[in-house]
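Student: I would like to learn how to read the features of a protein model, one at a time. Could you guide me through this example?

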Amino acid sequence: MHRLGHTRSTNQRDHLLHTPDTFVRTVLPGMERATAVVHISPAAGAAFAQYTAELEPGGSLGTTTNQRFLYALEGVVDLATDATFHTLNAGSFAYIPEDAAHTITAQQASRLAVIEKPYEHLASVPSPEVLVGHEETTLSVPLNDDPDLQVRSLLPASPSFDFAVNTMTYQPGAALSMVEVHIMEHGLLMLEGGGIYRLGDHWYPVTAGDFIWMGPFCPQWFGAIGKRPAKYLIYKDWNRHPLV
Ligand code: UGY
Ligand code: MN
């Protein structure tokens, strides 16, 4: 439908809202029978890249020398490294360290949330290994003792990791208890439901399928609205000194 120039998408200095009506597909180097919707990258001020990869049956991602995190949104994909082989279905996630040779091939039409980031080494801390899990079997804990706001940390808290990826699930009416302002940046993909996101001095209605980038120190708050829970996948840089 023609929207006469209207969209909820917006690109601000310290945040970005990317809604599906504005997605433009591109092919990244090495992709075969696959496309990417790049949501954020250093071109817009972030220190990481996040995209949604859409793969046809047999389609594959190209390589990267950066660390890579995958969250399967739909379909079934095979992840093969030198030493491991895993099949990922919806809700599965995988962490692949920098310089780890690997292939990612779709068994059927699939969609993946992909996060890539240069690794920040820490002296005397070992680099992380390949890690695979499933969101549903990851421990769920209430945020600030609120049972209606559950957080699952998909990556271990170990200082080896320089970023975290969590899911956050809000029962209808649940909200962050404070407006957060912090140095970490976020890449956020709304997986289910919706609500109102405060970003900077703007309040946005958001829904499943939307992507949000929050830059360092972007004031942020979310309240879930609707009759079903709201759930999002959220990246943040983590465990490193601000001057490094
Ligand atoms: O982990 C976080 O900083 C998280 N509570 N932020 C957010 O949901 N916007
Ligand atoms: Mn936050």
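Student: In which strand is the place of T35?

Tutor: This is a predicted model, and in it T35 belongs to strand β3, which covers residues 32-40.

Student: Does T35 count as buried, exposed or partly exposed, and why?

Tutor: A residue is called buried under 20% relative accessible area and exposed over 50%. T35 has 24% relative accessibility, and therefore counts as partly exposed.

Student: How do strands of a sheet pair?

Tutor: Strands of a sheet pair through backbone hydrogen bonds, and they may be parallel or antiparallel. Here eight strands make an open sheet with antiparallel pairing, in the order β1-β2-β18-β15-β20-β14-β13-β12. Its edge strands, each pairing on one side only, are β1 (10-11) and β12 (140-143). Within the sheet, β14 (residues 163-170) and β20 (residues 230-237) are antiparallel and joined by eight bridges, and T169 has K231 in β20 as its bridge partner.

Student: Which residues are the protein donors of the manganese ion (ligand 2)?

Tutor: They are E180 (OE), H182 (NE2), H186 (NE2) and Q220 (OE1), which lie 2.1 to 2.3 Å from the ion. Along the sequence their spacing reads E-x1-H-x3-H-x33-Q. Among them, H182 is buried because its relative accessibility is 13%, and H186 is buried at 4%.

Student: Why is the arrangement around the manganese ion (ligand 2) octahedral?

Tutor: The six donor atoms around this ion subtend angles of 76 to 176°, and the arrangement is therefore octahedral.

Definitions and conventions: Residues are numbered from 1 along each chain as its sequence is written. Chains are lettered from A and ligands numbered from 1 in the order in which they are written. This is a predicted model: local features need pLDDT of at least 70, side-chain atom pairs count only at pLDDT 80 or more; totals for chains, interfaces and linings use all residues. Side-chain values use heavy atoms; hydrogens and water are left out. Donors are N, O and S atoms within 2.8 Å of the metal (3.2 Å for Na, K and Ca); water is not among the atoms, so sites may look incomplete. Four donors count as tetrahedral if all angles lie between 85 and 135 degrees; four count as square planar and six as octahedral if opposite donors are over 155 degrees apart and all others between 65 and 115; anything else is irregular. Buried means under 20% relative accessible area, exposed over 50%, partly exposed in between (1.4 Å probe, protein chains only). Two strands pair if DSSP finds at least two bridges between them. Helices (H or I, at least four residues) and strands (E, at least two) are DSSP runs, numbered from the N terminus.
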